[in-house]
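Hello,

Here is the structure I said I would pass on. My notes on its salt bridges follow below.

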Amino acid sequence: MVKSWDFWDTLVTRCVLQPVDIFEIIERISGITGFASARIIAETKSRAGVVETNLQRIYKELPYDEKSRFKLMGLEIELEHKLTSPIIENTLRLSSQDIILSDMYLGQGHLRSIANSCGISIDEGKLFVSCEYGATKHDGGLYEIVNAVSPIDIHIGDNLRSDVKKARERGIRAEHYQNIVPNKTEKIWYDRGGDSRFVGGLLRSARLSSANTGNNRHDEWEVFSQIVAPILVRFVSWVLCESIKKGIRKIYFLSRDGQILCKIARCLSESRKLGVSCEYLYASRQALHLPGHTSIKESEEWILEDTSHLSIQIVANRVGLSSELVSKISSKYFNATIDENLALDKRKALKNIIRDPEFISHLENESSLALKDAILYFQQSGVMEERQISIVDVGWNGRMQRSLENILKKNGSSEVSIQGFYLGLAKSCVFSSGERIHGFLNDPFNPASQKPWVNRYRGIFEFFLSADHPTVAGYIIDDKGQMGPLFNALVSDEERRSVEHRQAAVLSFANHYCALEKFLGDEFIEQLDYSVDLLESFLMNPSKKQASVFAQYNHTEQQVESHFEPLVKRIRAVDLLGNTRGWSLGVWPEGSYAFSGFGWVYQLRRFVSRIKRKLLL
C-alpha cells in the first residue's frame, strides 16, 4: 500500500501556532517596522499569474534593497529550521517507502534539511514540493503528478481541503490528522495576545513531541509539558538571574527535588551562555539533619516532625538509631509497639524521650559518625571550595539549608556563604529573615510574593519534582574510593521509566522554550508568569481526565520513605460524610473529588466556606 503524508503540521510543526507569527519574529529581530504585514502582501503579489510561488519570488516583491531582502530571507530560512520539531505520533508511523507532499514556497533542499533536523530521513524521489512542480495539493494537481509516478492509496494530512477533500476527489483514501488543532490551554495562551501567544505554540510543540497513545501516559505528558513545565522553567530562570545578581556562579540543586530543576537549569544556562555551573548534590533531610545536629532544642523540629503517621520506628529511623534502643528508652515514659501510630498524648511525651541522657548520647555519637562522611562528600563535590553558592530545593522550612550550614561550621568552613532558593517557603521557616533564603511562589519575607495556597499542595509539588533514584540516607565510599550517596531503597524499573517520562515532558517544553528565547530575548521569560495562575486553577479545579493521571501514584511525607498514601484515590459518597482531615481523601483531595465525579461537591464546599468567612468578617 502506497501511503503519502503532508509535511507541515502533520510530520513537523513550528513552535508558533500561526505560520505568520514567524514574520513578526523577523520584524522584531530585524527592527524593520511593518515587515510582517509587508511579507504577507508580498506573498499575495508573488502568486499573481502562477499556480505556486517560491521564496525568491516573494522576496522580490518586498519594498527593500537587495541586501536587506537577502538578509531577511536568510533569517526566515533560519527560523524555519530552528523553530521546527517533529510530530512524534506520525513520524513513528512513517516508513522509508512513504511519499511526502507539501504545498510550500521552500524547496526540497530546505525541507530535507528541516526533516533531517527533526530526525526524519526522506529517500530520493519521495518528496514532492509544490513550488518545484508548479502544482499544489490545494488544487489537486500535485496528487495527479504523484499518482502518475506511484499511485497513492492513502494520504494523511491536517488540512480539510488540501489533504482530505482534494485527495478523495482523486480516489485517494484520506485520513484527517486533527491533533494539530490547539487544545484549550494553548488557546488560552494565544488569546492573551502579545508575546503570550508564542507560549501557546511552544506548548503545542511540546505536546506533539510525544506519541498520542490515547491513554494515561499521553494525558500525563500533556499535564507535565503544559501545566508543570512552564512554572518550573520560570522558577529556574529566576534562580539563575538572582544568583548572578549576587555574584554567584555555582548553583547546587539538592536531590531529589532538584534533579529535573538541575536539568532545566543546564538547558537555560547553556542556551543563554551564562557560564553558571549547575551541579546536582545528593542530599535529603535524613542525610543533612543528622550530621548537622547541634542541639536537641534545634533538632526537635525534624526529629519529632508531626506527620500523619508517627511511630517509635520512624523516630529511630530519622536519627539513625535502632528501633529497639529507642523503644527501650521510650518505655520509661509510655508503652507502645514499635510501629504504633502514636496518639497525641504519646507524641507529646516524645519530647521527654529525645531529652533523655541516653538518647542524647547515642544521637550525638551517630551525628559525629555521619558528619565525617558528609564532610568528605561535600569536599569532594566542591561545596567547600566556593565562597558563595546557591542551593535549590522545593521548600518548605529551610531546615536542610540550616543543617548544611551547621555541617560547614562544624568543619570550619563557615566562610562559605549560602543563598537558598525554593519553589515555596512556609511561615514556619526556621530563618528569621529573608537575607539568605528566598521563595519563588510563596515567601513569608517578601510581601510581593505570597501565595499561601502553595503550601496546601506540598505533596503534589514534590511529586512534580520526582527523581529517578531513591532518597539519600547518608553517604558511603564506593569501590572506587569516592564518597557517594547511600540510598534508602531501590527504585523499580517501572518507577524509573515513569519518572523519565514525566521529566522528558518537562524538558520538551524547556528545549522548545530555549529555541524560541534565542530569537525573542531573555525578557520573554516574563510571559511565563501567567503559568502560576494556570497552575493554581489546575490544582484547585482539575478535570477528571487530569486527576486520573495521578490516581496510579503514591506519596509519603516521611523523610525515611514509609507509609505511602495515594496522590488521588477513589472516594465514595459515604466517604464525604466521614472524617476528611489529613490524607483521608488522598494527598490531593481536589484530584480525588474530580477523579470520583464529585468535583461539584468540592466547589460547593469552597463556596460555602467563602460565605462563612465573609459572614464572620
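Aspartate 529 is partly exposed, since its relative accessible area is 39% (buried means under 20% relative accessible area, exposed over 50%, partly exposed in between, with a 1.4 Å probe and protein chains only). Its partner in a salt bridge is arginine 234, with the closest N and O atoms 2.6 Å apart; a salt bridge here is a side-chain nitrogen of Lys or Arg within 4 Å of a carboxyl oxygen of Asp or Glu. Arginine 234 lies in helix α12 (residues 216-245) and aspartate 529 in the loop between α22 (493-520) and α23 (531-540), so the bridge ties together parts 295 residues apart in sequence. Helices (H or I, at least four residues) and strands (E, at least two) are DSSP runs, numbered from the N terminus. Arginine 234 counts as buried because its relative accessibility is 13%.

This is a predicted model: local features need pLDDT of at least 70 and side-chain atom pairs pLDDT 80 or more, while totals for chains, interfaces and linings use all residues. Residues are numbered from 1 along each chain as its sequence is written, and side-chain values use heavy atoms, leaving out hydrogens and water.

Two other pairs:

- Arginine 14 and glutamate 80 form a salt bridge (2.7 Å, N to O). They sit 66 residues apart, in strand β2 (residues 12-14) and helix α4 (residues 66-82) respectively, and both are buried.
- Arginine 207 and glutamate 186 are bridged, with the closest N and O atoms 2.7 Å apart. Arginine 207 is buried at 6% relative accessibility, and glutamate 186 is buried at 0%.

The whole structure has 37 salt bridges.

Regards
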